[in-house]
Amino acid sequence: MNTRLLRVFGRVMVASLLGMFGVLANFAPASASNATSYATISGSGSSWAALALDQWQQDLHPDGININFIPDGSAAGRADYMANQDDFAASDPPFRDGDDELGGTSAEHPTQGYSYIPDVAGGTAFMYHILVAGKLVTNLRLSPLTIFKIFTGQITNWDNPAITKDYGTQLPSLPITPVIRSDGSGASYFLTRYFAHMFTPQWNAFCQKVHPGIKLPCPQTEFYPLFPGAKSENGSTNVATYITASYGNGAIGYDEYAYALNAHYPVVAILNPAGYYVLPSASNVAVALTQAVINEVPSSPDFLQQNLDNVYVYTDPRSYPLSSYSYLIVPRVHTTLPTNFTTAKGKTLSTFVNYLLCAGQNQVAALGYSPLPLNLVQGGLLQNSKIPGAVAVPNQTTLAGCNNPTFTNGKLTLLLDAPQPSPCQKVGEPLNCTVVDGKAVAGGGPSNPTSSPSPGTSTGTGSTGTGSTGTGATGTGATGTGATGPATGDGPVAVSGQVVNVASNSPNKLALSVFTAFAIVLAIIVPPTLGAWLRRRRRQEAR
């Protein structure tokens with residue numbers, strides 16, 4: 001079996017599984033045409049972005065666009081691009097422009113030219129497993145400093161006073177098991193970037209403890225350092241599996257939000273700079289990323305990379321501070337191209353990018369992502385126009401024909417439409433909280449807005465939950481529809497006693513969840529296995 005056939009086989013396996021539940025397959029591509037022929041293109045890389053990339057490929061396949069993508073991880077995707085094995089790569093971190101002393105990796109020096117194009121956005125989510133009287137806590141809220149201390153071994157028990165202060169009530173004495181990634185991970189990169197920027201002295205002290213003699217300031221890394229009390233797992237799927245297992249009581253880990261949604265497990269509501277505890281919902285992440293900046297200085301070593309510094313400190317009440325986005329790495333005109341790249345492939349790739357930046361963003365919330373806001377779409381379209389053989393891109397001022405849910409006619413509408421947090425989510429308000437005349441009042445059950453939604457719940461425009469039961473009103477909008485409030489019945493429970501039915505009782509939704517989880521597992525496990533086989537085969541062929 002040759003390399004190309006293996007790539008096709010890997011893509012077909014993932015595509016056929018995801019096709020079983022056909023997430024929003026009725027979206028029509030904006031720029032492809034049945035009357036046009038397209039060259040097949042191949043890529044590899046980010047497992048986080050893989051679900052969206054595969055969905056978009058399915059959308060465009062009827063129009064003759066074929067994309068073979070192997071989700072073997074960001075680092076592998078970058079290596080494949082440098083080895084001329086890919087037409088494009090997907091990566092959460094950029095190429096390393098220096099040695100990563102903390103992670104034990106060296107700088108990457110691609111001879112090929114490239115641009116970074118935003119593809120999917122999301123929030124670094126903190127899935128957790130805490131049982132109280134046999135019931136799962138679902139409304140945990142923590143400050144970023146408390147999160148930092150948990151993931152540097154300074155807070156080791158759930159009854160710690162800092163957790164009690166954040167949460168609003170004391171949790172039982174239960175050892176904390178921080179679950180980190182053992183492999184190179186975009187989630188690790190984004191978490192450690194936040195730590196390095198927001199808690200610089202403390203992060204430096206931690207780095208010196210786990211890596212004596214390290215050069216300071218301690219950088220962000222794809223490889224989170226193992227520390228006493230922590231558990232390391234390979235891949236997002238294994239992180240989620242460990243946390244949700246029966247032996248995972250007391251565990252907390254960082255992961256992409258999609259894995260928590262599909263596991264039907266809660267994530268922490270994080271205190272943002274505006275003083276509200278917020279979840280990594282699609283709208284909250286998109287609001288935060290309106291402050292992301294793309295470096296457009298060609299002489300900078302960080303050219304075309306994202307700068308999230310303003311995201312971390314944004315004071316909009318809806319902003320989720322640990323928000324970020326992933327890249328496509330694509331060829332660039334007037335530079336050295338990957339060996340097998342042609343202008344015909346550039347036509348296919350640029351058509352694909354036009355679609356994913358515009359109409360494709362309408363469906364990402366259903367897959368656990370957030371739509372890219374106006375500023376990132378404009379930056380992405382600019383770089384798309386520089387792919388050799390690129391088709392025309394939408395006008396970056398009017399964005400005519402670019403049907404993205406965060407803007408209309410080139411004007412950002414997200415900040416007007418995204419729902420505001422409930423008054424009960426404000427720091428200092430009690431867990432037992434009701435909203436009366438727009439104000440938080442103690443009593444009436446747990447504050448629902450800090451409970452994690454199940455898949456299919458609203459992250460779109462709509463009012464936040466109020467009322468004596470804490471049940472959220474339904475939200476409608478481009479990023480989803482549904483009720484945010486919990487259903488009654490047997491299931492996990494908040495500490496103050498409200499029973500929350502996290503798992504759906506609907507047979508159709510249950511089947512969808514099973515298919516989704518199964519697809520994620522195979523999308524993560526099978527392609528990396530093929531990718532590893534491929535790399536071994538390539539080395540043998542090169543001898």
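Eight strands make an open sheet with mixed pairing, in the order E2-E1-E3-E15-E4-E10-E8-E9. Two strands count as paired if DSSP finds at least two bridges between them. The model is predicted: local features need pLDDT of at least 70, side-chain atom pairs count only at pLDDT 80 or more, and totals for chains, interfaces and linings use all residues. Residues are numbered from 1 along each chain as its sequence is written, and side-chain values use heavy atoms, with hydrogens and water left out.

**Overall content**

- The protein has 15 helices and 21 strands. These are DSSP runs numbered from the N terminus: helices are H or I with at least four residues, strands are E with at least two.
- Of its 543 residues, 57% count as buried. Buried means under 20% relative accessible area, exposed over 50%, and partly exposed in between, with a 1.4 Å probe and protein chains only.
- Among contacts with a separation of 6 or more, 73% link residues 24 or more positions apart. A contact means heavy atoms within 4.5 Å.
- The protein exposes about 20300 Å², and carbon and sulfur atoms supply 55% of that area. Areas come from the Shrake-Rupley method with a 1.4 Å probe; for residues, only the protein chains shown count as cover.

**The sheet and its helices**

- Strands E2 (67-70) and E9 (231-233) are the edges, each pairing on one side only.
- From one strand to the next, the twist averages 25 degrees. Axes are lines fitted to C-alpha atoms, for helices over the stretch in contact; angles run from 0 to 180 degrees between N-to-C directions.
- Strand E1 (residues 41-45) pairs with strand E3 (residues 88-91) in the parallel sense, over three bridges. Gly43 has Phe88 in E3 as its bridge partner.
- Helix H3 (residues 74-82) packs on the sheet and touches E1, E3 and strand E15 (323-330). The direction of H3 makes about 155 degrees with that of E3.
- Helix H12 (residues 343-357) lies across E1, E2, E3, E15 and strand E4 (115-128). H12 runs at about 45 degrees to E4.

**Helix H6**

- H6 (residues 186-198) should span 18 Å at 1.5 Å a residue, and its end C-alpha atoms are 18 Å apart, which agrees. The expected span is 1.5 Å times one less than the number of residues.
- Eleven of the 13 residues of H6 are buried, so the helix is largely enclosed by the rest of the structure. The buried residues include Tyr189, Phe190, Arg193, Tyr194 and Phe195.
- Ser185 caps the N-terminal end of H6, with a side-chain oxygen 3.0 Å from the backbone nitrogen of Ala187.

- Ala269 sits in strand E11 (residues 269-271) and is buried, at 0% relative accessible area. Ala269 and Phe126 are 143 residues apart in sequence, yet 8.5 Å apart in space, C-alpha to C-alpha.
- Leu216 and Pro217 are joined by a cis peptide bond, with omega about 5 degrees. Pro217 is in the loop between helix H7 (200-210) and E9.
- Leu399 has a phi near 50 degrees, a positive value in a residue other than glycine. Leu399 is in the loop between helix H13 (374-384) and strand E16 (407-408), and counts as buried at 3% relative accessibility.
- Asp437, also other than glycine, has a positive phi near 55 degrees. Asp437 is in the loop between strand E18 (432-436) and strand E19 (439-446), and is exposed, with a relative accessible area of 77%.

Technical notes:
Polar contact = N/O pair within 3.5 Å; in protein donor to acceptor, adjacent residues only side chain to side chain.
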